[in-house]
Amino acid sequence: MQGTVDDYSYGVVTPLVAFVMACLGGALGLRCTTRALLVPHSRRRAWLALGSAVIGSGIWTMHFVAMLGFRIEGAAIHYDQPITYASLGLAIVMVGVGLFIVGHRGATGTAVFTGGTITGLGVASMHYLGMAGMRFDGRFTYSTATVAASVLIAVVAATAALWAAGRVRGLLWSVGASLVMGLAVTGMHYTGMAALRVHLHSASAGAEGGPSVSVLVPMMIGPLAFLLLAGVVMMFDPLMVMGRPDQASVEDKPGVPAAAVASHLARHSQLHPGRRPAGPLRHHVSRTPQNR
């Protein structure tokens, strides 16, 4: 028999909180990605790994906050915890693959498209694997066209967000990208839910129509705590907030030949006649013959 579902049993509260969680995860994760593009390779992997875990935790938490408002009339809902947590791991891994492609190849067109596609597929896979972990006296079916639309929304949103992260244009640019990503991830979720059809084996009179808060909230404590901890860590890095690269002078950059340093000093003297160069600059100039 056809089941009656309600995605908004708490009104606009769960969609709004879900959107906030998606924006929070997107904002923190994209700042990590931006930061990774501005640091040496030795520290890049750490920022990308943190960004993957943050975005994965954010979209996973968004999904289950939204599911707090999901009800099936006449059917009690339970969750298979191994599958539910596997959806979190899948999200982190697939988002990580996308971020590492952009982080190591740069925000080029091919890298952003490839990384965005994989990240978007990770978002969609997390959603549908999380739904597969639901247990009730019945089964789900999906509208193929609507599912395809939800996946397309996730891929386009992830690609746009990674492109924005690679632009490195400061805090406001990042906030805008995070809002777009949060809106798209939340939209992807509810588009996927619109594709859902519920078929009940039997209806139980008086049965609770959805998962209780006591079931889902404990599952979300860990990812929520991780998001807060990641936010605190990033607050102590001003370059993370402002999105500006390290201001390394030309003579301190690896791989810069002594001739380039001498040319830099010559331009400096022309622009600032009478001003003596700093000590470290004189030291590099004196060693110019040794760099041949």
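**Figure 1. Surroundings of Asp7 in the predicted model.** Leaving aside neighbours within four places in sequence, Asp7 is in contact with Thr14, Gly69, Phe70, Tyr190 and Met193; contact means heavy atoms within 4.5 Å. Asp7 sits in the loop between strand 1 (5–6) and helix 1. Helices (H or I, at least four residues) and strands (E, at least two) are DSSP runs, numbered from the N terminus. Asp7 is buried but has no salt bridge, and Arg197, the nearest side chain of opposite charge, is 8.7 Å away. Buried means under 20% relative accessible area, exposed over 50% and partly exposed in between (1.4 Å probe, protein chains only). A salt bridge is a side-chain nitrogen of Lys or Arg within 4 Å of a carboxyl oxygen of Asp or Glu. For charge, Lys and Arg count as positive and Asp and Glu as negative, while His and the chain ends are not counted.

This is a predicted model in which local features need pLDDT of at least 70 and side-chain atom pairs count only at pLDDT 80 or more, whereas totals for chains, interfaces and linings use all residues. Residues are numbered from 1 along each chain as its sequence is written, and side-chain values use heavy atoms, with hydrogens and water left out.

**Figure 2. The aromatic pair of Tyr8 and Tyr190****.** The whole structure contains seven aromatic pairs. In one of them, Tyr8 and Tyr190 are stacked, at 5.4 Å centre to centre with 15 degrees between the planes. Tyr8 lies in the loop between strand 1 and helix 1 and Tyr190 in helix 6 (residues 171–194), so the pair ties together parts 182 residues apart in sequence. Tyr8 is partly exposed, with a relative accessible area of 43%, whereas Tyr190, at 14%, counts as buried. Rings of Phe, Tyr and Trp (its six-membered ring) pair if their centres lie within 6.5 Å; planes under 30 degrees apart count as stacked, over 60 as edge-to-face and the rest as tilted.

**Figure 3. The ring pair of Trp60 and Phe64****.** The ring centres of Trp60 and Phe64 are 4.8 Å apart and the planes are at 55 degrees, so this pair is tilted. Both residues belong to helix 2 (residues 41–67), four residues apart, about one turn of the helix. Trp60 and Phe64 are both buried. Ring pairs join Trp60 and Phe64 with Tyr79 and Tyr85 in a cluster.
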